[in-house]
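Hi,

Here is the structure I promised to pass on. Have a look first, and then read my notes below.

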Amino acid sequence: MGNLVNLTLDDGIAVVRVDNPPVNALSHAVRAGLRDGLRAALNNPQTSAVVIFCAGRSFFSGADIREFGQRPQAPFLPDLISEIEAAPVPVIAAMHGNALGGGLEVALGAHYRVAVKGTRFGLPEVSLGLLPGAGGTQRLPRLFPAADAARLITGGKPVETHAALSLGLIDRIGSSNDACAEGVAFARELIAAGKEPRRVGSLPCNQLEPAELEAITAETAKAARGATAPLACLEAVKAAMTLPFGEGLKKERALFQDLMASDESKALIHAFFAERQVGKLPEAESVEPRAIRRVGVVGGGTMGAGIAVSALLSGLDVTLAERDEAAAAKAAASVGQMLGNAVDRGKLAGTQREAILAASFRTTTCFEDFAPADLVIEAVFESMDVKKDVFTRLDQVCRPGAILASNTSYLDLNAIAAMTSRPQDVIGLHFFSPAHVMRLLEVVVGAETAPDAVASGFALAKRLKKVAVRAGVCDGFIGNRILSHYSKAVYGMVLAGASPYAVDRALTGFGLAMGPFAVGDLAGLDIGWANRKRLARYRDPHELYPEFADRLCELGRFGRKSGRGFYIYEDGAGRARPDPEVEEIIAAERAAKGITPRSIGEKDIISRYMAAMVNEAARVVGDGIALRPLDVDVTLLNGYGFPRWRGGPMHYADTIGLDQILQDISRFHEEDPIFWQPAPLLERLAAEGRTFASLNT
Ligand code: 3H9
């Protein structure tokens with residue numbers, strides 16, 4: 001049974017207890033131990049029921065993802081689950097924490113299911129580019145209403161205990177927090193009532209109406225944005241409805257194996273582990289983060305208010321400063337409204353909103369009110385002079401040891417820190433708009449930032465349920481620096497002949513949530529315009545500078561907020577329509593520059609976009625701005641809409657080959673030798689036959 005599984009028998013009830021921290025993944029050793037424990041229990045004539053239970057914080061969280069890609073070793077999970085289902089005495093899954101993926105499939109193989117309050121149940125395989133491959137797609141629709149089963153499997157989102165009970169996934173919710181005791185008590189009741197094993201595989205499968213199937217197929221395809229696993233999940237569910245159970249299992253297995261071999265699942269598994277590794281920082285490993293309870297926010301615009309809301313939703317106390325009473329009242333109204341939206345979305349109860357606003361939030365016009373704060377985040381206008389003034393004043397009023405953070409998205413953090421007498425306490429906390437929604441937080445580390453201030457930035461991100469990435473100081477840090485570069489490639493393509501609409505179409509086809517021109521319109525074209533003006537003095541005079549984006553801004557076309565940008569937004573519903581006037585402006589610029597437009601196909605658009613992104617990302621890693629390639633991937637996945645199923649730009653580059661990226665760059669170099677220069681790190685790795693992943697240690 002090994003040392004991870006232990007078996008006890010008390011008054012006819014066998015308890016198979018698994019203990020494989022941290023999340024009870026179903027590793028080879030666990031599967032073998034579980035099988036041996038089950039067999040030993042069933043071989044004992046005294047056993048009248050078996051309870052499967054996990055120690056620690058959770059029931060099984062799924063197959064052991066670290067074993068994927070290695071040679072599979074028996075016992076295989078589907079066989080083990082069939083053995084559980086075939087047991088001649090009732091088997092009860094007693095659950096707490098999470099019952100996910102293969103873990104929930106074990107529970108579906110059991111005959112009865114009990115869980116304590118707060119347990120979450122889900123089949124998240126789709127988010128790893130897989131489908132539930134141990135009978136989940138065949139058993140769930142036999143227990144659950146068919147549409148709910150299909151959505152749970154294709155969407156991968158877990159359900160909570162009460163929903164699980166009402167949908168028929170579990171038989172009861174325990175009255176205590178002790179899952180094992182609940183399982184044993186349930187087992188005793190079942191025996192007393194003379195209950196037999198109840199095998200889900202023997203139940204008839206619930207069916208989807210044709211209209212429901214059509215609707216679910218359409219919504220799944222839309223949400224997939226080019227990923228294949230969600231539709232494969234649906235195919236497996238359809239097999240459950242049309243084939244006998246055993247045949248359905250075979251179909252599920254075949255689909256699972258195809259997905260397991262796909263680039264998509266490798267990319268998604270990379271993303272899963274990258275998001276966990278990104279928080280592992282050598283510099284902050286042995287230090288304790290500083291306690292953060294009271295937060296100050298300077299500036300109540302969209303960003304400041306979003307930051308305040310993010311902190312309030314995580315139970316922090318917030319004081320927000322604005323320059324005068326009118327601005328403070330406006331900021332308070334925005335915060336109230338954002339919290340109201342959280343109520344509408346079911347994230348917060350209306351009474352909680354009132355309680356938060358009454359007890360944990362206040363505005364001020366006076367920096368002295370930041371005296372007790374543990375952390376103050378500046379989110380004022382993106383101007384060095386304004387930021388310097390704010391930090392000079394914060395330095396005077398904040399208590400020693402308080403962390404002073406800037407939300408700057410481009411500016412030099414070291415110059416900001418130099419305005420204080422405590423540069424060791426200054427960090428960048430670069431939130432993404434809307435700050436209470438977007439998952440990414442760049443923690444920018446200045447030349448003198450103390451390790452415990454860095455650790456505090458990461459601890460704060462965790463509290464705010466965000467993914468933090470460590471970034472060094474440079475113009476734009478990781479994400480915006482790379483964005484600035486590939487934006488130039490995008491503008492360059494348009495100048496060379498592509499229409500902005502064709503570029504957006506090609507890139508959404510590649511899997512991006514939105515094309516770059518639609519994103520520009522959403523963010524406001526004036527932001528990029530201001531940035532280009534700021535950087536104008538550093539521009540190479542020989543560089544081919546596209547002016548059409550500036551022309552649009554000069555015409556007051558700032559994007560969605562002004563009703564026109566690259567697209568026209570006329571109906572108020574946010575629908576975007578291409579605009580011939582934009583094409584005329586671009587055509588006029590080409591003519592003035594003597595450029596004969598040529599056709600640039602979808603494939604070429606994607607190659608240029610990706611080559612520019614990967615090339616700058618390689619410089620960002622080479623310059624030490626990002627610690628590892630995986631930090632770039634996590635940044636682009638969580639802040640820039642990069643398709644998760646492609647794993648991030650560095651993983652994508654490894655997938656298609658660094659040589660290929662270099663060849664593309666040298667092909668484009670012939671057209672524009674200033675812009676297309678290969679990054680030294682990219683050249684070195686390609687020459688050594690290595691991948692970006694080889695640097696992800
Ligand atoms: C599957 O089941 C396939 C089957 O259908 C068919 C098979 C034939 N394996 O996230 P955390 C590690 S596919 C290995 O920080 P939390 C994780 O890397 C699987 N390791 O904790 C981290 O390690 P480290 C379907 C795993 O409390 C540590 O555990 N299941 C696994 O924030 C702590 O993780 C899933 O997709 C695993 N399955 O969240 C569930 N899971 O400390 C995936 C975690 O070295 N897991 N680790 O960095 C999760 O969603 C979250 O980890 C969970 C806990 C919600 C469980």
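Strands here are DSSP runs of E with at least two residues, helices are runs of H or I with at least four, and both are numbered from the N terminus. Two strands count as paired if DSSP finds at least two bridges between them.

Before going further, the ground rules. Residues are numbered from 1 along each chain as its sequence is written. This is a predicted model, in which local features need pLDDT of at least 70 and side-chain atom pairs count only at pLDDT 80 or more, while totals for chains, interfaces and linings use all residues.

The β3–β4 pair belongs to an open sheet of six strands, in the order β1-β2-β3-β4-β6-β9 with mixed pairing. β1 (5–10) and β9 (172–173) are the edge strands; each has a single partner, so one side of each lacks a neighbour in the sheet.

Two helices pack on this sheet. Helix α1 (residues 28–43) touches β1, β2 (13–18) and β3, and its direction makes about 170 degrees with that of β2. Helix α7 (residues 179–192) touches β2, β3, β4, β6 (112–115) and β9, at about 165 degrees to the direction of β3. Contact is taken as C-beta atoms, placed from the backbone, within 7 Å. Axes are lines fitted to C-alpha atoms, for helices over the stretch in contact, with angles from 0 to 180 degrees between N-to-C directions.

There is also an open sheet of three strands, β5-β7-β8, again with mixed pairing. β5 and β8 (159–160) are at its edges with a single partner strand each, so one side of each has no neighbour in the sheet. Strand β7 (residues 120–122) runs antiparallel to β8 through two bridges, and F121 has V159 in β8 as its bridge partner. α3 lies across β5 and β7, at about 90 degrees to β5.

Cheers
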